[in-house]
Amino acid sequence: MKGAFKILNRHLKVFARTWQHNLMFNVIEPLLYLSAMGFGLGAFVQQIDGMSYIQFIAPGMVALSSMYSATFECTYGTFVRLHYQKAFQALLAGPVTVKDVVIGEILYATFKSVVFGAVILLVVTALGQIKSIYALLIPLFLILPGILFSTMALCYTGVTSNIDYINYYITLAIMPFFLFGGLYFPVSALPVWVQKANLINPLFHSVEVCRALALGQLSDTLWLHVLTLAVFAIILLPLPIKLMTKKLIS
Amino acid sequence: MSTDMVHVRKDEIILNNIITAQALGKSYGGFRALKGISFNIKEGECFGFLGHNGAGKSTTMRMIYGLSTVDEGTLSMFGQKIILTPPEIKSKLGIVPQEDNLDPDLTVIENLEVYGALFGLDGSKLRERSKELLISMGLQDKENSSVESLSGGLKRRLVIARALINAPKIVVLDEPTTGLDPQARHLVWQKLRSLKSIGVTLILTTHYMEEAMQICDRLVVMHEGEILAEGSPRELIARCVLPYVIELHMPADSVPSDLREKVEKANGEILQVADGIFLYCENGQLLWEKLKDWGIPQHACLLRPSNLEDVFLKLTGKGEEE
């Protein structure tokens, strides 16, 4: 684990230099969604569950930004480090293991997902869309989906051989997550089978928790969402280590 | 430390075996990249693996520095048996890989500092050590440059500097001068000699005969996953080939057909490799005088002492590749 923090140290050095560009990439897109949907579509939608439309989608944008950051870091970012920069091979010549490298990736992607989630949270708070002091817990909570989304992305990067194939993951996994995950409309509007499918949609759980904290609507079901995310993460965690070992050690 | 003691014949100094391989093999799918090789590397020497691409040199290096598992035979380092080189052992190694895998996201000095941090170095000590290495590799003016802006030769020097950040006991160099111009190559050799002089063990793979000759104390000639011969460059030359060679620089069809017979009669050896013909003998001048009588113009020939390349030609039947 000590080795993983040394890997994180490398990534943070890069982050210190590139965070402005990262900010553009990870923050602008959710903000575009927020303004287009919130103000555009919001003009036609009066209220959802007793709140304004923009208020409804704002916490979802926080979860979305967080998912994006973790996902892009551990797909494109990891792929480039693995195949083009040969950074992992270089790091492995030092006193670290593949496990350290993989956990280092997850730590960094999680860090970024919390940071960029928090940035969106700040923005929507400034826009007056956050009502509860419990929203302060959101960045802490984002650690969990951050770990899960980066682990999932690493699994995909661990099996894909071509950077273009990452699009499959984005289009076939990430897109459905955010289109059907209850960001833009309540999931109760969806057919029952889609609602059931959402139980394995990590973003759905993440949005539910973010929204509840933003609105101060605490309930015991929140623990269920948290528990689901934690279980997914724990089950998946060994897989990217195995896959990366296969890629790096012959 | 290995308790396995060995005598070095020349000066009777007792040296420890720092790396020992026994019947080391490796297969990828159905392909046997390494066919059960054995060797001992002694502390403080420069040990070379000489061979063409695909001879199994890099496979052996990857096992030593922990990018490949040992699944056939045994490999011991610092007296410890290895399956996959663990971090404790890697912390005593310095690795110069075949490809320049410097971190393009970091500056020159950051490349050293981030790598040094892996070994638990930090703060002003790490900065000092990094700067020292930059100076010793002639990179002090490039401290804050991006890695991309460095020439091939400077990149290689930075890779070597990076490998020395932890003051390693063993430095493993996989083709350290491939693609470098002669000047840069000599600079690297000089650095390697100075490392050896402070007692660092060097392990080197190369397909340049001159490089092996210049810096290796002992070496193995590898070919298709096997070790064909082992010894010091001088020993190998003395053992494998006659002391002089005449190279024939002429088309094969204009060489008299009875040349082989004549050379052998004069106690020489003849070797044909692709288009090249080589005549080996005890007394070069004597054979040289005979060439004219044999119908071979001297201006198309070159007489020289035998070297490692001749050993290599004879053992593998293939010339040096560029």
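Start by selecting helices α5 (residues 138-159) and α9 (residues 221-236) of chain A: their axes come within 9 Å and cross at roughly 35 degrees. Helices (H or I, at least four residues) and strands (E, at least two) are DSSP runs, numbered from the N terminus. Axes are lines fitted to C-alpha atoms, for helices over the stretch in contact, and angles run from 0 to 180 degrees between N-to-C directions.

This is a predicted model, in which local features need pLDDT of at least 70 and side-chain atom pairs count only at pLDDT 80 or more, while totals for chains, interfaces and linings use all residues. Residues are numbered from 1 along each chain as its sequence is written, and chains are lettered from A and ligands numbered from 1 in the order in which they are written.

**The helix pair in chain A**

The crossing of α5(A) and α9(A) is left-handed (the near helix is turned anticlockwise from the far one by less than a right angle; clockwise would be right-handed). Show the side chains. On α5(A), pick A:L144, A:P145, A:I147, A:L148, A:T151, A:M152 and A:C155. On α9(A), the contact is made by A:V226, A:L229, A:A230, A:F232, A:A233 and A:L236. Two residues are in contact if their C-beta atoms, placed from the backbone, lie within 7 Å. The contact of α5(A) with α9(A) has 12 nonpolar, 1 polar and no charged residues. Here Ala, Val, Leu, Ile, Met, Phe, Trp, Tyr, Cys and Pro count as nonpolar, Asp, Glu, Lys and Arg as charged, and the others, Gly among them, as polar.

**Chain A as a whole**

Zoom out to chain A. Its secondary structure comes to 10 helices and 0 strands. A compact globule of 250 residues would have a radius of gyration near 18 Å, and chain A agrees, with 18 Å. That radius is taken over C-alpha atoms, and the globule rule is 2.2 Å times the number of residues to the power 0.38. Along the principal axes, the C-alpha atoms of chain A fill a box of roughly 60 × 40 × 35 Å. Colour by burial: buried residues make up 48% of the 250 residues in chain A. A residue is buried if 20 or more other C-beta atoms lie within 10 Å of its own, exposed if 12 or fewer, and partly exposed in between, with C-beta atoms placed from the backbone. Among contacts in chain A with a separation of 6 or more, 81% join residues 24 or more positions apart.

**Across to chain B**

Select the interface next. Here 25 residues of chain B are in contact with 21 residues of chain A. On the chain B side, α1, α2 (87-90) and α3 (108-118) each supply at least two residues. The largest share, 5 residues, comes from α3(B). By class, the side of chain B that touches chain A has 14 nonpolar, 5 polar and 6 charged residues.

**The six-stranded sheet**

Stay in chain B and pick the open sheet of 6 strands, ordered β7-β8-β9-β4-β10-β11, with mixed pairing. Two strands pair if DSSP finds at least two bridges between them. The edge strands are β7 (93-96) and β11 (226-231) of chain B, each pairing on one side only. From one strand to the next, the twist averages 15 degrees. Helix α1 (residues 57-65) of chain B packs on this sheet, touching β4, β7, β8, β9 and β10. The direction of α1(B) makes about 150 degrees with that of β8(B).

Now take β10 (residues 218-223) of chain B, which pairs with β11(B) in the antiparallel sense over 5 bridges.

Select β13 (269-273) and β14 (276-281) of chain B, joined by 5 bridges. B:Q272 stands opposite B:I277. In their hairpin, with 2 residues between the strands, B:A274 takes a positive phi near 50 degrees.

Finish on α11 (residues 308-316) of chain B, which has buried residues including B:F312 and B:L313.
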